[in-house]
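Student: I would like to go through some side-chain interactions in this model. Could we look at it together?

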Amino acid sequence: MKKVILSVIAVLSFAFANAQESKTVRFGVKAGANYDWLATGDASVYDLRPEVGYHAGLVAEFKMCDEFSFQAEALYSHSSFKFDGNGNTSGSDLKISEIAIPVLAKFHLVKGLSIEVGPQASAIIDSEAKGIYANTNLRKYNIASVSGLAYGFNSGAFVQARYVYNFLDLAYGPAGNNRFGIQASVGYKF
């Protein structure tokens, strides 16, 4: 985890130094909805009912040239899951609050439209589990890949749609329990 954090800091430092020379740094805010799935190893995925979560945070875009930029974000994200199937998970639920830091490469295709892709490091800051997951030992950090599309308007407003895939299981143990999901966001860059 330390290597990932140091790598993110190095990339951001390089991007910030280059962007300062060309005066193309834009800061902003964003908020939106999450819809995450949790693939559990000990129960059918059909037992799972994800609920709509939310995220909000800060954005910094470092434009390198007309076709390429880096975008770093610091987001607070909340996700929740309910297990209502016929199996042994019925009546269980799980809520997760985390800080996520995606560092994305943005490839600008046409005016306003861009593809975003890159890694995301996250750390769980709070969790609540009920039912059979009450004593689960959750992993406190995760690494994910992020990919999506963004459209920026001339006014500074933007919209985004993303897919996020976490590489590490949510809980320690032999049962696989990977998270993946989609995000839709709106924001404004100053």
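Tutor: The charged end of Lys189 sits over the ring of Phe158, 5.0 Å from its centre. The criterion is NZ of Lys or CZ of Arg within 6 Å of the ring centre and within 35 degrees of the ring normal.

Student: What should I know about the source?

Tutor: This is a predicted model, where local features need pLDDT of at least 70 and side-chain atom pairs count only at pLDDT 80 or more, while totals for chains, interfaces and linings use all residues. Residues are numbered from 1 along each chain as its sequence is written, and side-chain values use heavy atoms, with hydrogens and water left out.

Student: Now Lys30: buried or exposed?

Tutor: Lys30 counts as buried because its relative accessibility is 3%; buried means under 20% relative accessible area, exposed over 50%, partly exposed in between (1.4 Å probe, protein chains only).

Student: Which side chains make a polar contact with the side chain of Lys30?

Tutor: The side chain of Glu73 does, at 3.3 Å, and so does that of Ser185, at 3.5 Å. A polar contact is a pair of N or O atoms within 3.5 Å; within protein, one must be able to donate a hydrogen and the other to accept it, and residues adjacent in sequence count only if both atoms are side-chain atoms.

Student: Changing topic, which residues form one aromatic cluster?

Tutor: Tyr35, Trp37 and Phe180 do. Rings of Phe, Tyr and Trp (its six-membered ring) pair if their centres lie within 6.5 Å; planes under 30 degrees apart count as stacked, over 60 as edge-to-face and the rest as tilted.
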